[in-house]
Amino acid sequence: MRGDKPLFERMALIGLGLLGSSLARIAKREGIVEHIAGSTRSRKTLERARELGFLDSIHETPFDVVKGADLVVLCSPVGTYGSLSAKMAPALRPGAIVTDVGSVKQAVIRDVGPHIPEGVFLVPSHPVAGTEQSGPDAGFAELFEDRYCILTPPPGSDERAVEKIAEFWRRAGSMIEIMDAHHHDRVLAITSHLPHLIAYTIVGTASDLESQLIREAAEASDVVRTREVIRYSAGGFRDFTRIAASPPEMWRDIFLNNRDTVLEMLGRFTEDLTALQRAIRWGEGDKLHDWFQRTREIRQGVVDMRQAGSFNPVEQKVDPESR
């Protein structure tokens, strides 16, 4: 909270999209760090970040941005972590802490860990927060408020470094959980990764159906109706389209870096879907009712834990190139 002594002298952000820009905004508003340095691959994004005013300095390379930083936060797609870590490693300050915001954690330990020099500490973290928007304009300081942030420190991690990162996220508004990286990846595979995969599939299937209907209408010399999927979208489909609008590069890397666990959860889902298909075919209303009642109670639990949605004051469209 504002008035507390800053936790870090200099924070280096690599990646200035939704999470990076939100982190910069809350860190600046609450005085969590004294200086915020930023870097990203796109010069256009760097200049936009300068205009928005949430950075104190901008830098062209990972090597330059981490110089003198006692906190480094990787906010780019997880597939970039290995190469970024190799580039920044020679400039890391002794005693610095490296963390991240990625949605998979075993990959962070695998790809970043080997590049961490002696005397520098790696504490992977995952703020379970986000929207479908991307780019520096999409960020807002309230993004992490009342959201969980999961820390997955490798075995033998420095306890003071872990606690300092935990306090950093607490000041950003998050609730802290600490767990094993493998366990994290299994939990998030079912609560986050699989729902995104299903959303991408349903929206893609709907688009294919619309194309087919248009072709059939044209062949029959009937009225060609376009954009019916969008025009008649009900609440459920609208929710799927929101999820499916998430950044493609980020989610590509998540699935590739958590593939075994996602495939395991996809297998479980397929089995349950087959059971529901059978119940519908054979008119087993009691089975359907019991299943829907159980899932309704789970939704109520999400609401009771205040994890049903987040305030997002950003309504404007964001340039997809500004990532």
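I began with helix α6, which lies across β7, β8 and β9 and runs at about 165° to β8. For such angles, axes are lines fitted to C-alpha atoms, for helices over the stretch in contact, and the values run from 0 to 180 degrees between N-to-C directions. Helices (H or I, at least four residues) and strands (E, at least two) are DSSP runs, numbered from the N terminus.

I noted the basis of the work: this is a predicted model, in which local features need pLDDT of at least 70 and side-chain atom pairs count only at pLDDT 80 or more, while totals for chains, interfaces and linings use all residues. Residues are numbered from 1 along each chain as its sequence is written, and side-chain values use heavy atoms, with hydrogens and water left out.

**Entry 1: the three-stranded sheet**

I looked up the strand order and found an open sheet of three strands, β7-β8-β9, with mixed pairing. Two strands pair if DSSP finds at least two bridges between them. Strands β7 and β9 are the edges, each pairing on one side only. Direction ignored, neighbouring strands of this sheet are turned by 20° against each other on average.

I then took the pairs in turn. Strand β7 (residues 125-127) runs antiparallel to strand β8 (residues 148-151), and three bridges join them. Here S125 has L151 in β8 as its bridge partner. Strand β9 (residues 175-178) pairs with β8 in the parallel sense over four bridges. In that pair, I150 has E177 in β9 as its bridge partner.

**Entry 2: the six-stranded sheet**

I found an open sheet of six strands with parallel pairing, in the order β3-β2-β1-β4-β5-β6. Its edge strands are β3 (57-59) and β6 (121-122), each of which pairs on one side only. Strands β1 and β2 run parallel and are joined by six bridges. R10 stands opposite H35 in β2.

Which strands does α1 lie across? I found β1, β2 and β4, with α1 running at about 165° to β1. Helix α6 packs on this sheet as well, touching β1, β2, β4, β5 (97-100) and β6, and its direction makes about 50° with that of β5. Contact here means heavy atoms within 4.5 Å.

**Entry 3: the nonpolar cores**

I looked up the largest nonpolar core, which has 40 residues; M11, L13, L55, F144, F168 and W169 have the most contacts inside it. Such a core is a set of buried Ala, Val, Leu, Ile, Met, Phe, Trp, Tyr and Cys residues joined through side-chain atoms within 4.5 Å. Buried means under 20% relative accessible area, exposed over 50%, and partly exposed in between, with a 1.4 Å probe and protein chains only. Among the elements that each supply at least two residues of this core are β1 (8-14), α1 (18-30), β8 and α6. A second, separate core of 31 residues includes A96, V104, L122 and M265.

**Entry 4: the aromatic rings**

I searched the whole structure and found four aromatic pairs. Rings of Phe, Tyr and Trp (its six-membered ring) pair if their centres lie within 6.5 Å; planes under 30 degrees apart count as stacked, over 60 as edge-to-face and the rest as tilted.

F8 and F168 form an edge-to-face pair, 6.0 Å centre to centre and with 75° between the planes. This pair links distant parts of the chain, with F8 in strand β1 and F168 in helix α6, 160 residues apart. F8 counts as buried because its relative accessibility is 2%. F168 is also buried, with a relative accessible area of 1%.

Why is the pair of F144 and W169 edge-to-face? Their ring centres are 5.3 Å apart and their planes are at 75°, so the pair falls in that class. F144 lies in the loop between β7 and β8 and W169 in helix α6, so the pair ties together parts that are 25 residues apart in sequence. Both F144 and W169 are buried.
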